Amino acid sequence: MTLSKDQIGSLVFLCLSLTYGYYAGQIPLLPGDEFEPFHARTLPYALAGLGALLSFLLLATSSMVNSRNEASPVPVSLDFSLVAKLLALIVLFAVALQWVGFLLATTAFLAGGYWLLGERRAKVLLMASLPFAAAIWLVLTKLLNIYLAPGQLFLMVSGG
């Protein structure tokens, strides 16, 4: 049996969604939150369920497509070096988040990801990264009232 790229991707995403759902159960609740309709575990459970459902649907539909095209299976050629580079970029994002803050780290992360995926025009990298990072920052800080630390370098420069 030959697995297509869609099937491999959906299986990986299914495993990630189920693992995320499992660890969502580890999120501590405040006393009395278990009786509330919306609490700290609600959105992670919903995301895990949605991810599992979509990955299962992709797995099911890709199986139907493959059964119709059994004469020409899709060859599996995965670029593991790109995956390793993207994973390294995620680690760098986690480190940069603490030092330069959410807005700069997210912009650099998105631009770096686009660059790794093949986009080389600086204007496109900036225009695809900065507005999205700024919009997410505004939603988190202004609408949801979530405090995002500005970063240790900013605090050292400002003397805080």
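**A nonpolar patch and its surroundings**

Guide: A nonpolar patch on the surface is formed by Val91, Val95, Trp99, Val100, Leu104, Leu153 and Met156, which together have about 640 Å² of accessible area. Please note that this is a predicted model.

Visitor: Let us step back. What is the secondary structure of the chain?

Guide: The chain has six helices and zero strands. Along the sequence, the pattern reads α-α-α-α-α-α.

Visitor: How much of the chain is buried?

Guide: Of its 160 residues, 20% count as buried. The accessible surface of the chain is about 11600 Å², and carbon and sulfur atoms account for 74% of that surface.

Visitor: What share of the contacts with a separation of 6 or more joins residues 24 or more positions apart?

Guide: That share is 64% in this chain.

Visitor: Now a single residue. Where does Thr141 lie, and is it buried or exposed?

Guide: Thr141 belongs to helix 5, which covers residues 122–143. Thr141 is buried, since its relative accessible area is 14% and the limit for buried is under 20%.

Visitor: Which backbone atom lies 2.7 Å from a polar atom of the Thr141 side chain?

Guide: That atom is the backbone oxygen of Trp137.

Visitor: Leaving aside residues up to four places away in sequence, what does Thr141 touch?

Guide: With those neighbours set aside, Thr141 is in contact with Ile146 and Leu148.

Visitor: Changing topic to charges: how many salt bridges does the structure hold?

Guide: The structure has one salt bridge. Arg121 pairs with Glu119 in a salt bridge, and their closest N and O atoms are 2.8 Å apart.

Visitor: Why can such side chains pair at all?

Guide: Opposite charges on side chains can pair when the charged atoms come close.

Visitor: Is Arg121 itself buried or exposed?

Guide: Arg121 counts as exposed because its relative accessibility is 53%, with exposed set at over 50%.

Methods:
Residues are numbered from 1 along each chain as its sequence is written. This is a predicted model: local features need pLDDT of at least 70, side-chain atom pairs count only at pLDDT 80 or more; totals for chains, interfaces and linings use all residues. Side-chain values use heavy atoms; hydrogens and water are left out. Helices (H or I, at least four residues) and strands (E, at least two) are DSSP runs, numbered from the N terminus. Buried means under 20% relative accessible area, exposed over 50%, partly exposed in between (1.4 Å probe, protein chains only). Contact means heavy atoms within 4.5 Å. Accessible areas come from the Shrake-Rupley method with a 1.4 Å probe; for residues, only the protein chains shown count as cover. A salt bridge is a side-chain nitrogen of Lys or Arg within 4 Å of a carboxyl oxygen of Asp or Glu. A polar contact is a pair of N or O atoms within 3.5 Å; within protein, one must be able to donate a hydrogen and the other to accept it, and residues adjacent in sequence count only if both atoms are side-chain atoms. Patches are made of residues with over 30% relative accessible area and no salt bridge: like charges are joined within 9 Å, nonpolar side chains (Val, Leu, Ile, Met, Phe, Trp, Tyr) within 5 Å.
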